[in-house]
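Me: I have this one open and want to go through it piece by piece. Start with the terms, please.

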Amino acid sequence: MAESSTERSQDRLGVLICGHGSRNRLAVEEFAQMVAALRPSLEPMPVEHGYLEFARPILRDGLDSLREKGVTRILAIPAMLFAAGHAKNDIPSVLNTYTAETGLPIDYGRELGVDRLMVAAAGARVRQTLETASNQVPLSETLLVVVGRGSSDPDANSNVAKVTRMLVEGFGFGWGETVYSGVTFPLVEPGLRHVVKLGFRRIIVAPYFLFSGVLVSRIRQHTERVAVDHPEVEFLSAGYLGDHPLVVDTFRERVDEVLRGDTAMNCSLCKYRAQVLGFEQDVGRAQESHHHHVEGIEESCTLCERECTGACQPDGRPIPHSHSHDHSLSHDHSLDHGHSHPPYPHADHPLGPTTLRSVDPLQNP
């Protein structure tokens, strides 16, 4: 039977911010700092956080902490830029299991998404980069390249491209392109080698990422490689989003949406629900979490002192760990971890990651 508004108003609410997790200590610290910045704006509701993998507290730890504080209903917000597998499958699986075991109601919010505040936060990082540039180059002669995480979900990938267009039109750049750090195409380095042919005097590379990590480090490294080969072009690297105040404000908005009951995701292009071109085989596919076997593992990388340099993944290929599962800082999905992923239909694309192809990912293609 549906709960009445009176019953819901009597709940003691708490908020759980659901992160992915990382072996990168700096990324974990940054996430915790962002949650700390969010807490004052949500008082008196207690706010906890948890991770899917590679860091403590795990999601269940955060849920337990809220229960211990007397919370009777939890508002869970996925700290994901776009709704791909983690937001659609992995986090809900953990939350649903917890509710089934404890009876504690959990209302699930939506991802950060393509949002005016998030676009403004990315714009602020780009503006900071322009303000510190030593050369005066007109915006019309500047090309913006936005780097997304990359997913096997075309809906999430297309949202990065929308952010790119919003920034390009907002600033008035001469051109804009979108590339990805993994899983899909074009990757950063081959993408940059293509766009440099357009002849722009300056290229700004902006990672659309929440926090630091091996992927952000690798983006910088691949940008530097292309820059060395093209000294006639000025390459500038913008900062990632981090705990920019507008990012914190977006999380607050997502909590307000849950409180209003306005949390519906846009599922019109979800490959699990609709016949999306090229991904028809994924409609109705069972959705379940595959992170249980690495929940709470805290094997911090020791190759870098604090800020990740990507040393564990030279050229994007992970150095194997001593245990049976090879998990890099960013959880490389190309390897077999005892679970399967839907086949990506363009795994052999020449501008995509070789780790998706039908070869041993630890061998040269």
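Reply: Two strands pair if DSSP finds at least two bridges between them. Strands (E, at least two residues) and helices (H or I, at least four) are DSSP runs, numbered from the N terminus. The model is predicted: local features need pLDDT of at least 70, side-chain atom pairs count only at pLDDT 80 or more, and totals for chains, interfaces and linings use all residues. Residues are numbered from 1 along each chain as its sequence is written, and side-chain values use heavy atoms, without hydrogens or water.

Me: OK. How many helices and strands does the protein have?

Reply: Nine helices and eight strands.

Me: And what share of its residues is buried?

Reply: The protein has 365 residues, and 53% of them count as buried. Buried means under 20% relative accessible area, exposed means over 50%, and partly exposed is in between, with a 1.4 Å probe and protein chains only.

Me: What about contacts between residues at least 6 apart in sequence?

Reply: Of those contacts, 78% join residues at least 24 apart. Contact means heavy atoms within 4.5 Å.

Me: Which residues sit on which side?

Reply: Thr142, Leu144, Val146 and Gly148 are on one side of E5. Leu143, Val145 and Val147 are on the other. Both faces are covered, and these residues are all buried.

Me: What does E5 pair with?

Reply: E5 pairs with strand E7 (residues 202-207) in the parallel sense, over six bridges. E5 also pairs with E6 in the parallel sense, again over six bridges.

Me: Which residue in E6 is the bridge partner of Leu144?

Reply: Gly176. On the E7 side, Thr142 has Arg202 as its bridge partner.

Me: Thr142 again. Why does it count as buried?

Reply: Thr142 counts as buried because its relative accessibility is 0%.

Me: What is Thr142 in contact with, leaving aside neighbours within four places in sequence?

Reply: Val137, Phe173, Gly174, Trp175, Phe200, Arg202 and Ile204.

Me: New topic. In what order do the strands of the open sheet come?

Reply: The order is E2-E1-E3-E4, four strands with parallel pairing. The edge strands are E2 (47-51) and E4 (106-108), and each pairs on one side only. The twist averages 25° from one strand to the next.

Me: How many bridges join E3 and E4?

Reply: Three, in the parallel sense, with E3 covering residues 73-78. One partner to look up: Leu75 bridges to Asp107 of E4.

Me: Which strands does H4 lie across?

Reply: H4 lies across E1 (13-19), E3 and E4. Its direction runs at about 170° to E4. Axes are lines fitted to C-alpha atoms, for helices over the stretch in contact, and angles run from 0 to 180 degrees between N-to-C directions. Helix H9 (residues 245-260) packs on the sheet too, touching E1, E3 and E4. H9 makes about 135° with the direction of E3.

Me: At what angle do H3 and H4 pack?

Reply: Helix H3 (residues 59-68) and helix H4 (residues 85-102) pack at about 40°, with their axes 10 Å apart. H3 and H4 are therefore oblique to each other. Under 35 degrees counts as roughly parallel, over 145 as roughly antiparallel, 65 to 115 as roughly perpendicular, and the rest as oblique.

Me: Which residues make the contact?

Reply: From H3: Leu59, Arg60, Leu63, Asp64 and Arg67. From H4: Ile91, Val94, Leu95, Thr97, Tyr98, Glu101 and Thr102.

Me: Then what is the phi of Phe54?

Reply: Phe54 has a positive phi of about 65°, although it is not a glycine. Phe54 is in the loop between E2 and H3. Phe54 counts as buried because its relative accessibility is 2%. Val183 has a positive phi as well, near 70°, and lies in the loop between E6 and H7.
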